[in-house]
Amino acid sequence: MSSTSFGEPAIETLEHQLDTAPTTPRRRVKRKTWQTVIWFIVLIAVTAIVLYPLLWLFLSTFKPNSEFGQNPGLIPENPTFANYLKVADGIAGVPMWRFFLNSFIIAASSVVGVLISSSLAAYAFARIQFKGLGILFAAMIGTLLLPFHVVIIPQYILFNNLGWVDTFIPLILPKFLATEAFFVFLLVQFIRQMPRDMDEAARIDGAGHIRIFWSIMLPLIKPALITCSIFAFIWAWNDFLGPLLYLTSPENYPLPIALRLYNDASSGGADYGATVTASFVALLPVLLFFLVFQRFLVDGVATQGLKG
Amino acid sequence: MSTTATRVIVTGEKSSRRSLLRRGRPEGPLARPGARGRAVRENLAGYGFLIPWLVGFFGLTLIPMAYSLYLSFTSYNIFSPPKWIGLDNYIRMFTNDPAFIQSAQITLVYVIVGTPITLAAALGVAMLLNYRDRGAAFFRSSFYAPSLIGGSVSVAIVWRAMFASDGPVDSGLSFFGIDLGGWVGNPALVLPMMILLHVWQFGATMVIFLAGLKQIPKELYEAAEMDGAGAWHRFRAVTLPMLSPVIFFNLLLGLIGAFQVFAAAYIISNGTGGPAGMTNFVTVYMYKRGFSDGQMGYAAAIAWVLLIVVAVIALILFRTQRSWVHYSGDNR
């Protein structure tokens, strides 16, 4: 979690006040302290509301099936690991590890595709003065705002005609063709901030764009590439519509579609425990990613305007 | 999902955009006699680097868009060739398909109610976090987490369980004597429940607001305070105008993103859009028509209506931008 401490708000504001409060320091210090206390209380209340669903999810994985609908609270009355054992067996004759593996293959390939295609495109947009740059860049920005739904039917027809339905190709190939403009845009913004001295020096020494891209630019934009990787992974991991369209046999399902099987089964009043536990297990990698990389992610959002 | 030019917008840095549009070759020591050969090489390099993007842009975006426009004027079920029927799909949509009208209505309610509430919550919490630096990072991360996972199936399942009859929300409200029953099966409450799920993901928007707030020079607030401006007046006179580029950005992407809600509605309603069609958002309806009923032409027409609505909203926002968005550090 954060390195920032909660302690001693009073002292900190007091020091702050010593510099800035010219008149009646004591009364203003007192007011400031109270404001800080209220600040913490309000924010802790908001945190409790915001994180409650996730905490409820986690603790509910230990509730036996009979407690759903009886015990809406956080704490399981008869805690059990049975849900986890059930979930490990999977659903529709496919074990859980298989769904994980499928999700992982799709997400990891997406990362590779996004990194290669987006960095190439971003370098061209940011550093090469070619004819037609202006209009192509505008087109790329336009696709940022384009609702994806307008292309899913033709894309489906295309991939269907190519015989790629029920394979991972329709999910992965677009990533290798830089169709997610966010990543291109993010990298363009990042490359533009890099000083041009180094690549101009390299050009005078006779280096071409491929050399400059490979040995100068890629090392420079490493932080942005990491941000892209994390988001590409999480988005592919959470994607529901793509696999819903293209994957038909259960052994090819990634986690979101497997969860749908649990969800549909549980609507008949069957197995809430397994559904909730499978949901939590599917979310675990993303939550771990978040805990490890949170500063990276949040700072990426703050500086680049990249949303989750 | 969604994104864009916050950096450009937040910092008002126009120079990079201008340098991009400046297409001529650099003057000075680099402009040598072999400039013509260099221009050719630059063009080759540019298009070479862009090959993957160009294939994707034309092959998976532009041509499919055109094809989907064509399909929207046809009757097509993927098994037999498309049959041209002119404007029939569009006419049917608006005159003879109550399910579409309802779908459009609930989508608009969701977008028009959900987006401003989300923005207001995000701005409110961002201002709260901006009050003080120490301790803020923890809260900032905590509030951001839902944005990262909000679109996932897992969260939809949790939401469904939270708002079920005798679920945590229902029993919590009963404790205060409010007996609403389950939200999930109640046509009057399921849309508010979906909006709450949207608002719950205010974190990413908040982080962008917070970054914008940090850019506002402290002197402006001090000057306003000297002039005797109260908190509300400072908010109106300093915060809102200085933040207007970020508000514009968040509003634009928030509206466009909200139109595309799909997974949560699909999961919460088991793919039906129920109860009583109250989660049958345009995206869900389009999916059902195209992929469950095999009416690809009709679904393409629905998608194009969605695109046109989104484009019109974006256009209106860009048009009105001049009157309420202030770019500082810009000589406008």
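In this predicted model, the C-alpha centres of domain 1 and domain 2 of chain A lie 34 Å apart. Domain 1 of chain A covers residues 9-86, and domain 2 covers 93-304. These bounds come from an automatic or database domain assignment. The contact between them takes 11 residues from domain 1 of chain A and 8 residues from domain 2 of chain A. Two residues count as in contact if their C-beta atoms, placed from the backbone, lie within 7 Å. On the domain 1 side, helix H2 (25-60) and helix H3 (82-88) of chain A each supply at least two residues. Helices (H or I, at least four residues) and strands (E, at least two) are DSSP runs, numbered from the N terminus. The side of domain 1 of chain A that touches domain 2 has 5 nonpolar, 4 polar and 2 charged residues. Here Ala, Val, Leu, Ile, Met, Phe, Trp, Tyr, Cys and Pro count as nonpolar, Asp, Glu, Lys and Arg as charged, and the others, Gly among them, as polar.

Residues are numbered from 1 along each chain as its sequence is written, and chains are lettered from A and ligands numbered from 1 in the order in which they are written. As the model is predicted, local features need pLDDT of at least 70, side-chain atom pairs count only at pLDDT 80 or more, and totals for chains, interfaces and linings use all residues.

The largest nonpolar core holds 169 residues. Such a core is a set of buried Ala, Val, Leu, Ile, Met, Phe, Trp, Tyr and Cys residues joined through C-beta atoms within 7 Å. A residue is buried if 20 or more other C-beta atoms lie within 10 Å of its own. Among the residues that touch the most other members are A:Val184 and B:Val207. Helix H14 (residues 272-304) of chain A gives the most to this core, with 14 residues. Both domains of chain A give residues to the core, so it lies between them. Beyond its neighbours within four places in sequence, A:Val184 is in contact with residues including A:Ala121 and B:Trp53.

Between the chains, 91 residues of chain B are in contact with 83 residues of chain A. Helix H7 (residues 136-149) of chain B gives the most to the chain B side, with 13 residues. That side has 60 nonpolar, 23 polar and 8 charged residues.

Chain B averages a pLDDT (the predictor's confidence in each residue, from 0 to 100) of 86. Over residues 1-31 of chain B, pLDDT stays under 50. Where pLDDT is low, the predicted coordinates should not be read in detail.

Definitions and conventions
A residue is buried if 20 or more other C-beta atoms lie within 10 Å of its own, exposed if 12 or fewer, and partly exposed in between; C-beta atoms are placed from the backbone.
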